[in-house]
Structure formats: C-alpha cells, structure tokens
Amino acid sequence: MKLAVHETGTGPRTAVLLHGIMSDHRAWHRVTRELVEQGFRVIALDLAGHGSSPRSRRYSPAAWADDVIETLKPILSRRPDVIMGHSLGALVASMVADRLAPRAAVYVDPAFAFPRGVRGVVMKLIFAIAPRPRRAALVRWNPKWSAADVDIELATLRDWDKRTVLGLASTRLLAPPARLTAPSLVILAEKSLLITDAVAAGLRRLGMTVEIVPGTGHAVFRDEHARFMEVVERWLGTAVPVAGR
C-alpha cells in the first residue's frame with residue numbers, strides 16, 4: 001500500500017520519520033523543522049489507518065513495514081541516513097531498518113515490549129474501548145505539551161482509524177530487533193510505558209545506545225523537545241558524522 005508522504009527540505013542527508021499509533025506525521029512538526037535546519041531532507045509518512053494514508057482491511061506491524069518499504073523505494077536513491085520512529089513507529093522503523101540498512105536508527109520510547117499482568121490488560125482495554133479524549137483531558141495528561149501539540153493531537157485523533165489497535169492485539173509481536181542493523185539510539189521516557197529496566201539492559205547488550213530524558217512521558221519529543229533534540233544531535237554527530245558519508 002502506498003502511504004501519504006510529507007516531504008520537507010532538500011538537504012544532502014535524508015531522515016525518515018514514523019509516528020506512533022493514533023498520531024500521524026504532524027506530531028513531528030518541531031523535529032522536522034530542526035532536522036531541515038541541520039541539512040536534512042525529511043520524509044515523514046502517515047502509516048496506514050492514520051492521517052492522509054489509506055485505511056487497511058487488516059493491520060499488523062509487518063504490514064505497516066511492508067507499506068513503508070513500498071512507499072520509500074521509488075523516492076529514495078540510496079539508503080536513508082536516519083530512520084526515526086516513536087512507539088509503534090519505532091517498532092515499524094526497526095523492521096524497515098532490517099531491510100533498508102539506514103546509516104542510523106533512532107527509536108523513541110519504542111513498542112519493543114508490552115506490560116504484563118493487570119497493567120497490560122488495563123492498557124489493552126483503554127486502547128480498545130476508551131473514547132477519543134477531549135482537549136481538557138489531553139491538557140491534563142500532558143501538562144508540558146504546547147497548545148499547538150494539543151491541537152495537532154486532536155486533529156490526528158479525528159483522522160485515526162481505531163481499528164488499528166487490532167494490529168497490536170497480539171503483544172507477542174512487540175519485540176526488539178533480533179540483530180543490530182545500524183548504529184541505534186533508543187530514547188526513553190523517564191517512566192517508560194513500555195520499556196522496563198530489564199528490556200533496556202537487553203537493548204544495550206544488543207549494542208544500542210540507550211538514553212533516558214528526565215521529566216518526560218511517552219511522547220518524549222513533545223514533553224522536553226529541546227532536551228530530546230540535544231540528545232539526538234549529539235549522538236548523530238558521533239554515530240553518523242556528515243563527513244562520513
């Protein structure tokens with residue numbers, strides 16, 4: 001399936017951005033702007049069932065990854081310099097990275113695991129039956145978000161196909177990469193919803209750099225944008241220097 005593509009900038013380096021569930025490319029608006037200023041051509045996609053992309057009869061992480069590959073191949077002349085994903089988008093990005101071999105990968109509070117027991121059951125129920133939140137609830141749950149981010153979240157929720165949650169019904173599919181295909185940075189919320197200390201330790205053993213941004217929830221880049229970008233820029237400068245291409 002061909003996805004909606006939102007391209008910004010004409011720089012010599014290419015960054016591919018994949019959003020989380022219930023969201024779309026608009027969530028990356030500040031990240032996109034700063035990457036363009038740093039000389040990136042930014043390609044932000046709307047996953048199937050989100051934003052301007054088509055709806056699918058069946059959703060799954062593998063299908064989302066196939067869609068991303070199908071969409072990117074005609075518009076990339078070489079492997080991307082960076083692929084960045086948040087939550088579900090990070091899981092999909094890891095699967096895409098295994099096939100496209102980007103020069104670097106950044107995974108933001110990735111869906112590489114899911115809580116077990118009562119907590120996991122409650123989270124599934126919230127996703128499955130909870131109504132779309134209103135503005136007051138979003139502001140209360142995300143006190144660090146800008147007004148623009150609240151507006152964007154409301155808009156993306158209106159465009160979101162709630163059936164996408166069925167693609168995550170089996171949490172066995174939420175797993176970290178089996179191998180390291182590119183230098184990889186994992187940026188975690190201070191209290192990650194998905195990644196326990198044990199899972200984070202496993203990612204480090206795999207060879208990933210794991211950083212925690214204090215004072216953040218699941219949407220790290222919205223809660224502490226400046227700190228998030230500082231971590232990304234510092235790591236990219238070491239892992240994928242411009243002159244190294």
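Modeller: A residue is called buried when its relative accessible area is under 20%. The model is predicted, and what follows is computed from its atoms. By that cut-off, both W28 and F221 are buried. Their rings form a stacked aromatic pair, with 4.5 Å from centre to centre and 15° between the planes. The two residues come from distant parts of the chain, 193 residues apart. W28 lies in the loop between strand 2 (13-18) and helix 1 (29-37), while F221 belongs to helix 8 (residues 220-223). Ring pairs also bring in F228, which forms a cluster with W28 and F221.

The structure holds four aromatic pairs, and another of them joins Y107 and F112. Here the ring centres are 5.4 Å apart and the planes stand at 70°, so this pair is edge-to-face. Y107 is buried, with a relative accessible area of 1%, and F112 is buried as well, at 2%.

As for the setting, the chain has nine helices and seven strands. Its radius of gyration is 17 Å, close to the 18 Å that the globule rule gives for 245 residues, so the chain is as compact as a globular protein of that length. Buried residues account for 52% of the 245. Of the contacts between residues at least 6 apart in sequence, 77% join residues at least 24 apart; the link between W28 and F221 spans 193 residues.

Terms used
Residues are numbered from 1 along each chain as its sequence is written. This is a predicted model: local features need pLDDT of at least 70, side-chain atom pairs count only at pLDDT 80 or more; totals for chains, interfaces and linings use all residues. Side-chain values use heavy atoms; hydrogens and water are left out. Helices (H or I, at least four residues) and strands (E, at least two) are DSSP runs, numbered from the N terminus. The radius of gyration is taken over C-alpha atoms; the globule rule is 2.2 Å times the number of residues to the power 0.38. Buried means under 20% relative accessible area, exposed over 50%, partly exposed in between (1.4 Å probe, protein chains only). Contact means heavy atoms within 4.5 Å. Rings of Phe, Tyr and Trp (its six-membered ring) pair if their centres lie within 6.5 Å; planes under 30 degrees apart count as stacked, over 60 as edge-to-face and the rest as tilted.
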